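Thanks for making time this morning. I would like to walk you through one structure, so please have the sequence and the model in view.

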Amino acid sequence: MEPKYKPGKDDFVVLLWAKGTMNIEQLAEGIAAESSVGTFTKIKTMNERIFKHYRAHVFEIIKTSDNSGFIKIAYPLEHFDQKNVIQFCASVLGNIYGLLEIEELYIMDISFPEKYQKQFKGPIGLEAIRKYVGTEKSRRPHCGTIVKPKVGLTPTEFADVAYKVLSNGLDLVKDDENLVDQDFCRWRDRTDLVNKAMNRAELETGEKKLYCCNISDSSIERMEKRLDYLHSHGLKMVMLDVFVLGMPATMHMVNLAHRYRMFTHAHRAGYAALHRGNYGYNFGILAKFYRMFGLDQLHVGTGVGKMDGAPHTIRRFARLATNNEIRASIAEGGLELSKFDKSIAPLMPVASGGLHAGLTEGLFEIFGNDFTMQAGGGVHGHPRGSEAGAKALRAASDAIGEGITLEEKAKSSKELAEVLKKFGYIKGYKVKTMLNIFDENRALFDSTVRKQGLDALRLFDKSFDARE
Ligand code: 3PG
């Protein structure tokens with residue numbers, strides 16, 4: 001333990017929670033050693049140069065019991081291969097999870113030095129997507145749908161749904177994470193038909209539309225061919241199941257898409273296997289990586305829909321997508337300060353999972369104006385079908401742009417009124433109050449988490465539930 005060590009601007013800082021069968025000081029040193037230059041014993045091959053330049057420094061321990069606590073570790077930049085994130089992950093997110101003495105290990109946050117970020121180009125970004133769709137002035141949230149059922153529709157059925165929703169106000173349609181090229185819906189047939197449907201809707205509405213076409217595949221070659229095909233047919237966006245694809249495949253496809261100036265949409269299916277519970281690492285770390293890699297749209301949760309995460313937790317993820325300096329507290333699960341290099345543009349955060357138009361005000365409190373709201377069931381489950389569902393979601397998006405409540409907007413949108421009746425209405429002030437309570441009591445929550453550990457943070461996350 002080096003309490004006097006002050007991390008410099010070229011250090012990575014890692015905040016983690018650990019619990020084990022040894023005292024927390026020993027656990028911390030074991031984690032720092034295994035993830036940097038050490039092993040289970042003193043070795044004759046260690047020398048002063050290695051110890052001085054490459055070791056990890058445990059500089060803070062917030063002890064919650066003899067054998068548990070939060071640990072902060074700094075890693076020097078020279079430790080890492082600065083063109084290769086896999087080497088970083090194998091070090092910092094690697095062997096330590098298997099140490100016998102560890103019972104709980106959750107990496108909460110990592111700050112990346114600006115010098116390390118220079119290897120990445122970042123997203124084309126949020127403003128470029130807004131410019132394409134034509135919403136730079138209105139600043140309304142983008143609205144889209146995941147065509148449902150997730151799988152099973154034929155290309156013709158799928159394209160028919162796409163036409164109905166795009167010609168009734170939505171900005172975007174997307175494939176679901178588990179739809180690529182199955183027998184019942186061949187990728188190329190679907191793409192061609194949706195492209196036609198989208199062109200027709202664009203002509204009719206005078207608006208630019210996006211199709212997030214899922215090209216995720218275990219074969220890089222097939223993904224490359226699909227990307228070329230989309231580009232040569234004038235499509236502007238491509239979807240990747242980024243977590244299951246893994247980092248190298250994701251980075252490769254993003255780089256190729258960006259050569260064509262095509263936007264990339266990241267579905268994060270699978271992330272929660274690491275993110276939930278007391279073993280793994282927080283989605284915020286992935287969000288930082290994905291933004292640096294250049295994903296242009298990223299699912300970050302909703303705070304009001306069906307996926308996990310309290311409003312304050314999702315607000316932090318949204319800020320990781322759009323801000324260049326993000327402040328957080330331990331009760332939010334983050335380091336005091338995270339920074340993106342100025343060359344890394346903001347990406348468009350996507351709220352998706354269990355949404356419907358009646359939740360839009362709450363989303364606005366969490367995200368502000370800059371996000372895409374996507375509803376699958378919330379559009380196709382409208383009492384009068386997908387067209388009416390699309391009209392309702394667009395009315396909700398317009399209401400945010402116009403600065404009026406959904407209640408007011410529902411007076412002129414029958415479809416929105418029907419959604420509020422069927423699915424309910426979470427008024428914005430409810431979510432705002434929750435965020436305010438969290439912010440006003442931050443010091444108290446922080447000191448509770450510092451005393452009681454990661455379970456207290458989880459409890460706060462669960463207790464701030466706007467859906468109840
Ligand atoms: C997603 O991709 O986020 C889900 O398929 C959302 O579907 P839902 O809006 O029907 O919950």
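Before the first pair of helices, a word on terms: axes are lines fitted to C-alpha atoms, for helices over the stretch in contact, and angles run from 0 to 180 degrees between N-to-C directions. Helices (H or I, at least four residues) are DSSP runs, numbered from the N terminus. This is a predicted model, in which local features need pLDDT of at least 70 and side-chain atom pairs count only at pLDDT 80 or more, while totals for chains, interfaces and linings use all residues. Residues are numbered from 1 along each chain as its sequence is written.

Helix H20 (residues 442-452) and helix H21 (residues 454-463) have axes that come within 6 Å and cross at roughly 140°. That makes H20 oblique to H21, the term for angles that are not under 35 degrees (roughly parallel), over 145 (roughly antiparallel) or 65 to 115 (roughly perpendicular). Phe-445, Thr-448, Val-449 and Gln-452 of H20 make the contact with Asp-455, Ala-456, Leu-457 and Phe-460 of H21, where contact means C-beta atoms, placed from the backbone, within 7 Å.

Turning to helix H16 (residues 386-402), 13 of its 17 residues are buried, so H16 is largely enclosed by the rest of the structure; buried means that 20 or more other C-beta atoms, placed from the backbone, lie within 10 Å of a residue's own. After H16 comes Gly-403, with a positive phi near 70°.

Finally, Ala-201 sits in helix H7 (residues 187-205) and is buried, with 21 other C-beta atoms within 10 Å. Leaving aside residues up to four places away in sequence, Ala-201 touches Tyr-163, Leu-166, Ser-167 and Lys-209.

Conventions
Buried ≥ 20, exposed ≤ 12 C-beta atoms within 10 Å, placed from the backbone. Helix = DSSP H or I, 4+ residues; strand = E, 2+ residues; numbered from the N terminus. Contact = placed C-beta atoms within 7 Å.
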